[in-house]
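Please look slowly through the sequence and the model below before reading on. The paragraphs that follow go from pockets to aromatic rings and then to a few loop residues.

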Amino acid sequence: MGEANRFSRYAYTVIVLFLIWVLLTASLDRQELIFGFLLSLFVASFTYPMFTSRGLGNLHPRRLAYAAAYVPYFLWAMIMANLDVAYRVLHPKRPIRPGVVHCKTVLKSNTGKLSLANSITLTPGTITLDVDGEDYFIHWIWVPDEVLGAKTEEEHVENASRNITRPFEKFLKVIFG
């Protein structure tokens, strides 16, 4: 790794740690900002090698735009899933058809795969049970007919992936490359 690359990784780590500091303290007091920045400089000096491999390249405008768009999209998906689960719980006949489905992801980075697994699990009605390479095994509260009635394993995986992983992946593959 070249010196510029090391500096880029260090600078990116400082920026992210400082932003986390500001969000956690919820304060714009000058003394707290100075202390948080100095603490970020110190912690980043030990953690930057394991924190990022791209460095400041992570701050590419396209990635930032997709990340900014992902937050409201994810919140909307979470709200809709909450309403769906609430409907199923409050419905007199409890219309659930639980099952474990197999999905595949197109994401290559471990961070992207982790973000996808967390997005699925944080959306009510689905829980990521296992991730093995590109394979995800997900418990789903309502497995639709198109997945249950699949004639082949490939058709099952494609139908489940189209419903569960693909909506998140369109954002995450740009954010995490």
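In this predicted model, the second largest pocket is lined by 19 residues, and those that lie nearest its centre are T123, T126, W140, N163 and I164. The volume of the second largest pocket comes to about 380 Å³. If you ask which helices supply at least two residues each to this lining, they include α3, α6 (153–164) and α7 (166–175), and the largest share, six residues, is that of α3.

The largest pocket has a volume of about 720 Å³, and among the 21 residues that line it, Y12, V16, N58, T111 and F176 are the closest to its centre. Two or more residues of this lining come from each of the elements α1 (3–25), α2 (30–51), α3 (61–90) and α4 (110–122), with α1 giving the largest share, which is six residues. The lining of the largest pocket holds 13 nonpolar, six polar and two charged residues.

A pair of aromatic rings is described by the distance of the centres and the angle of the planes. How many aromatic pairs does a search of the whole structure find? The search finds 12 aromatic pairs. One of them joins Y12 and F51, whose ring centres are 6.2 Å apart and whose planes stand at 45 degrees, so that the pair is tilted. Because Y12 lies in helix α1 and F51 in helix α2, this pair ties together parts that are 39 residues apart in sequence. Is Y12 buried or exposed? With a relative accessible area of 14%, Y12 is buried, because buried means under 20%; F51, by contrast, has a relative accessible area of 36% and is partly exposed.

Another tilted aromatic pair is formed by Y73 and F171, with 4.9 Å from centre to centre and 35 degrees between the planes. Here Y73 belongs to helix α3 and F171 to helix α7, so the pair ties together parts that are 98 residues apart in sequence. Y73 is partly exposed, with a relative accessible area of 25%, whereas F171, at 12% relative accessibility, counts as buried. Y73 and F171 also belong to a cluster, in which ring pairs link them with Y66, Y70, F74 and F168.

R97 lies over the face of W142, at 4.2 Å from the ring centre.

Finally, we can turn to the backbone, where two residues other than glycine have a positive phi. For A26, phi is near 50 degrees, a positive value in a residue other than glycine. Where does A26 lie? A26 is found in the loop between α1 and α2, and its relative accessibility of 68% makes it count as exposed, because exposed means over 50%. R94, which is not a glycine either, has a positive phi of about 45 degrees, and the place of R94 is in the loop between α3 and β1 (99–104).

Conventions. Residues are numbered from 1 along each chain as its sequence is written. This is a predicted model: local features need pLDDT of at least 70, side-chain atom pairs count only at pLDDT 80 or more; totals for chains, interfaces and linings use all residues. Side-chain values use heavy atoms; hydrogens and water are left out. On a 1 Å grid over the protein atoms alone, a cavity is a set of points where a 1.4 Å probe fits but cannot get out, and a pocket is an open set with protein on both sides within 12 Å along at least five of seven lines; lining residues have an atom within 4 Å of a point. Grid points are joined across faces, edges and corners, and a volume is the space filled by probe spheres set on the points. Helices (H or I, at least four residues) and strands (E, at least two) are DSSP runs, numbered from the N terminus. Ala, Val, Leu, Ile, Met, Phe, Trp, Tyr, Cys and Pro count as nonpolar, Asp, Glu, Lys and Arg as charged, and the others, Gly among them, as polar. Buried means under 20% relative accessible area, exposed over 50%, partly exposed in between (1.4 Å probe, protein chains only). Rings of Phe, Tyr and Trp (its six-membered ring) pair if their centres lie within 6.5 Å; planes under 30 degrees apart count as stacked, over 60 as edge-to-face and the rest as tilted. A charge sits over a ring if NZ of Lys or CZ of Arg is within 6 Å of the ring centre and within 35 degrees of the ring normal.
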